[in-house]
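Please look over the model shown here. The report below takes its contacts one region at a time.

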There are 2 protein chains.
Amino acid sequence: MHPLQQAAKCSTCVIGKFCLPLGLTIEEAEQIDILVSQKLRLNKGEYLYHQGDPFISLYSIRFGSLKTELLLQDGRSQIIGFHLPGEILGLDGIGNNVYQSEAIALEDCEVCIVQFSEFETLCQKIPSLQRHLYQLLSREITQDHRHLLTLGSLNAEEKLAYLFIYLSERLAKRGLSSTEFNLAMGREEIGDYLGLKIETVSRILSKFSQAGIIEVKSKHLKILNIKELYRLAGSELTQPIRQ
Amino acid sequence: MHPLQQAAKCSTCVIGKFCLPLGLTIEEAEQIDILVSQKLRLNKGEYLYHQGDPFISLYSIRFGSLKTELLLQDGRSQIIGFHLPGEILGLDGIGNNVYQSEAIALEDCEVCIVQFSEFETLCQKIPSLQRHLYQLLSREITQDHRHLLTLGSLNAEEKLAYLFIYLSERLAKRGLSSTEFNLAMGREEIGDYLGLKIETVSRILSKFSQAGIIEVKSKHLKILNIKELYRLAGSELTQPIRQ
DNA sequence: CGAGCGTTTGAAATCGGTCAACAGCAGTGG
DNA sequence: CCACTGCTGTTGACCGATTTCAAACGCTCG
């Protein structure tokens with residue numbers, strides 16, 4: 001089913017400091033190396049897992065990005081998250097031993113495979129790792145709550161502003177530019193994330209451009225007035241998350 | 001700040017089987033008794049915690065119900081969840097040692113206090129308890145994802161149908177009637193949960209009543225045609241969560 | 001009984017959705 | 001190299017669901 005598998009190592013991975021080994025000693029990180037033995041490449045559009053698949057592994061992203069989504073029978077889809085390198089996928093599978101969403105590559109990417117049962121055992125031995133997993137889960141909850149606020153209480157402009165700030169901050173954390181980056185997702189996917197139609201997304205991008213807030217050329221985005229975006233998105237709520 | 005504190009015991013609590021001790025042996029449950037030493041009463045409208053308060057404890061609901069919400073500067077509010085007896089509150093505090101939402105009593109209620117640092121230590125000793133906490137966190141994520149789908153992809157009627165089914169299923173799990181119950185929240189709170197205005201909520205309740213789907217008399221709800229509610233809410237997605 | 005709040009209902013306004021045409025660009029194949 | 005095709009994104013005109021504004025209703029509690 002999946003194209004290729006190779007050995008992986010946390011202790012030498014460049015993404016390591018944003019990823020699972022965060023906060024571990026060198027010896028502890030080496031213990032993870034044993035678990036994280038395989039990685040896996042996906043081409044754009046390929047599935048990492050489907051809703052209902054048996055939950056066996058967590059995945060951490062080495063490079064590229066993915067989306068997770070829920071589907072309705074009639075074709076409507078809700079994108080739950082856009083996922084960047086260093087982030088962990090599959091956490092929603094722990095609750096009922098079945099993945100609860102679809103995970104799809106937004107572009108060519110590579111993920112590490114972490115068998116959960118082994119990882120759980122290791123967590124028993126390394127308290128700081130256990131704590132890290134709790135925090136990972138809890139932060140995902142917090143992110144989802146922000147997303148809920150966005151979908152339930154913001155208007156279309158505010159929603160777009162939220163997304164751009166959210167992406168910007170996460171990229172900054174990884175040492176990348178917070179003001180100029182590529183959108184791996186298309187307009188429709190932006191809409192499915194924010195509960196908007198593609199035409200609305202497009203119109204608001206045009207409006208932001210004309211207002212001098214951003215510059216968009218197809219997938220490339222440059223933020224010119226980030227303050228205005230913060231103002232629109234309800235600034236007090238986009239701040240408090242640290243990592 | 002909080003009205004009253006009394007001794008609590010999991011091993012004798014009637015709500016126990018839906019709560020933290022779920023799946024533990026008698027000896028293990030007695031170990032929890034030591035942790036869960038205090039409980040606390042709240043009157044309707046009182047806060048259990050505020051966004052930004054230091055995270056010290058998880059809370060489990062003995063009776064009554066609460067809401068958690070996020071607020072925007074301009075007064076808009078997004079309700080994140082309605083919480084019933086046996087459910088755990090405060091999980092969003094683990095990630096950054098600060099509660100990330102407001103928790104408010106919807107009616108008079110009582111909660112048990114579980115100091116998280118002690119609970120975490122106990123989890124190290126009892127693997128099944130550790131697993132339970134992971135599952136708790138993961139299921140909250142799954143619930144939030146459903147809620148996201150609801151806010152982002154459903155129309156007003158479908159949203160209401162989703163809420164009623166969601167409440168109905170959770171009450172059924174507790175051995176209560178799945179077709180007739182009281183809504184602890186007001187119309188405005190329903191709206192803040194679903195991303196709708198109070199008038200829209202009211203109109204759709206009237207419409208459902210006229211269509212013979214429900215019977216509402218102020219806070220009392222009777223579901224007459226649950227199949228139709230399932231159909232509206234996108235049935236395939238309200239099923240798979242087990243507990 | 002009257003005050004006050006929460007809820008319901010109606011009419012008008014608005015935001016975002018729908019439908020439709022078109023533009024831009026990548027890939028394909030002559 | 002350049003038409004042809006198909007896909008994605010943009011723009012405009014119109015439509016409709018939900019919001020807004022306003023008024024009335026009906027509890028509950030002093």
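## Model

This is a predicted model. The values below are computed from it.

## Interface of chains A and B

Chain A puts 52 residues in contact with 52 residues of chain B. Between them the two chains bury about 5000 Å². Carbon and sulfur atoms carry 53% of that area. Three residues stand out on the chain A side: A:Y134, A:H145 and A:L148. They supply 14% of the area that chain A buries against chain B, more than any other three residues.

Polar links also cross the interface. The rule finds four salt bridges there. In a salt bridge between the side chains of A:R131 and B:E120, the N to O distance is 2.7 Å. Residue pairs in polar contact between chain A and chain B number 20, with both residues at pLDDT 80 or more.

## Which elements face chain B

Four elements of chain A give two or more residues to the side that touches chain B: strand 5 (66–71), strand 6 (77–83), helix 2 (116–125) and helix 3 (127–153). Helix 3 of chain A gives the largest share, 21 residues. By class, this side of chain A has 19 nonpolar, 22 polar and 11 charged residues.

## Helix 5 of chain B

Helix 5 of chain B spans residues 187–194. Its buried residues are B:E189, B:I190, B:G191, B:Y193 and B:L194. Their cover comes from within chain B and includes strand 5 (66–71), strand 6 (77–83), helix 3 (127–153), helix 4 (156–173) and helix 6 (198–210). Just after helix 5 of chain B, B:G195 has a positive phi of about 70°.

## Surface near DNA strand C

DNA strand C is surrounded by 14 residues. The closest are A:A156, A:T200, A:R203, B:S202 and B:S206.

A backbone N or O atom of A:A156 lies 2.7 Å from one phosphate oxygen of DNA strand C. A:R203 reaches a base instead: a polar side-chain atom lies 2.8 Å from a base oxygen of DNA strand C. Helix 6 (198–210) of chain A and helix 6 of chain B are the elements that give two or more residues to this surface. The largest share, four residues, comes from helix 6 of chain B. By class, the surface near DNA strand C has two nonpolar, six polar and six charged residues.

Key
Residues numbered from 1 in each chain as written. Chains lettered and ligands numbered in written order. Heavy atoms only, no water. Contact = heavy atoms within 4.5 Å. Buried area = accessible area lost by both parts, 1.4 Å probe. Polar contact = N/O pair within 3.5 Å; in protein donor to acceptor, adjacent residues only side chain to side chain. Nonpolar A, V, L, I, M, F, W, Y, C, P; charged D, E, K, R; others polar. Buried < 20%, exposed > 50% of the residue type's maximum accessible area, 1.4 Å probe, protein only. Near = heavy atom within 4 Å.
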